[in-house]
Amino acid sequence: MPLSLNRRLITRFFTALSGELNRKARVVLTGAAAGNLLADVRPSSDIDFAIDIQGSDPRAWESVEAAVRKAMQ
């Protein structure tokens, strides 16, 4: 059974992601993970989010993808 996320695990993921990103970014948390932070909602084993990175360099997404992979470890 997948791990059910809680506030501590969500915070740990985004702290790790922040440490891996090499540029400014804005994260919009959605889905059950957002509900988990705002209220008691159904359990979830994933974090749905959008990320808006600063700048227009298409290669920037490669670094964002690498940062997400490292934060997941």
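Mentor: The protein chain exposes about 5300 Å², of which carbon and sulfur atoms supply 53%; such accessible areas come from the Shrake-Rupley method with a 1.4 Å probe, and for residues only the protein chains shown count as cover. This is a predicted model, in which local features need pLDDT of at least 70 and side-chain atom pairs count only at pLDDT 80 or more, while totals for chains, interfaces and linings use all residues. Residues are numbered from 1 along each chain as its sequence is written, and side-chain values use heavy atoms, with hydrogens and water left out.

The protein chain has 3 helices and 2 strands, arranged along the sequence as α-β-α-β-α. Helices (H or I, at least four residues) and strands (E, at least two) are DSSP runs, numbered from the N terminus. Of the 73 residues, 27% are buried, a term that means under 20% relative accessible area, whereas exposed means over 50% and partly exposed lies in between (1.4 Å probe, protein chains only).

At the N-terminal end, Asn-6 caps α1, with a side-chain oxygen 3.0 Å from the backbone nitrogen of Arg-8.

Consider next the two sides of the helix. Leu-9, Ile-10, Phe-13, Phe-14 and Leu-17 of α1 are buried. Seen down the axis, these residues fall within an arc of 130°, so they line one face of α1; the arc is that of the directions from the helix axis to the C-beta atoms. An α-helix has 3.6 residues a turn, so residues three or four places apart point the same way. The face of α1 turned away from the buried side carries the exposed residues Arg-8, Arg-12, Thr-15, Ser-18 and Gly-19.

What covers the buried residues of α1 includes β1 (25–30), α2 (31–38), β2 (48–53) and α3 (60–72). Phe-13 shows this in detail: leaving aside its neighbours within four places in sequence, Phe-13 is in contact (heavy atoms within 4.5 Å) with Ile-47, Phe-49, Val-68, Ala-71 and Met-72.

Phe-13 also belongs to the largest nonpolar core, which has 16 residues; with Ile-10, Phe-14, Leu-17, Leu-21, Ile-47 and Val-64, it touches the most other members. At least two residues of this core come from each of α1, β2 and α3. A nonpolar core is a set of buried Ala, Val, Leu, Ile, Met, Phe, Trp, Tyr and Cys residues joined through side-chain atoms within 4.5 Å.

In α3, the buried residues are Ala-60, Val-64, Ala-67, Val-68 and Ala-71. They cover an arc of only 100° around the axis, which puts them on the same side of α3. The cover of these residues includes α1 and β2, while Glu-62 and Met-72 are exposed on the face of α3 turned away from its buried side. In α2, Ala-32, Ala-33, Ala-34 and Gly-35 are buried, and what covers them includes α1 and β1.

Conventions: A polar contact is a pair of N or O atoms within 3.5 Å; within protein, one must be able to donate a hydrogen and the other to accept it, and residues adjacent in sequence count only if both atoms are side-chain atoms.
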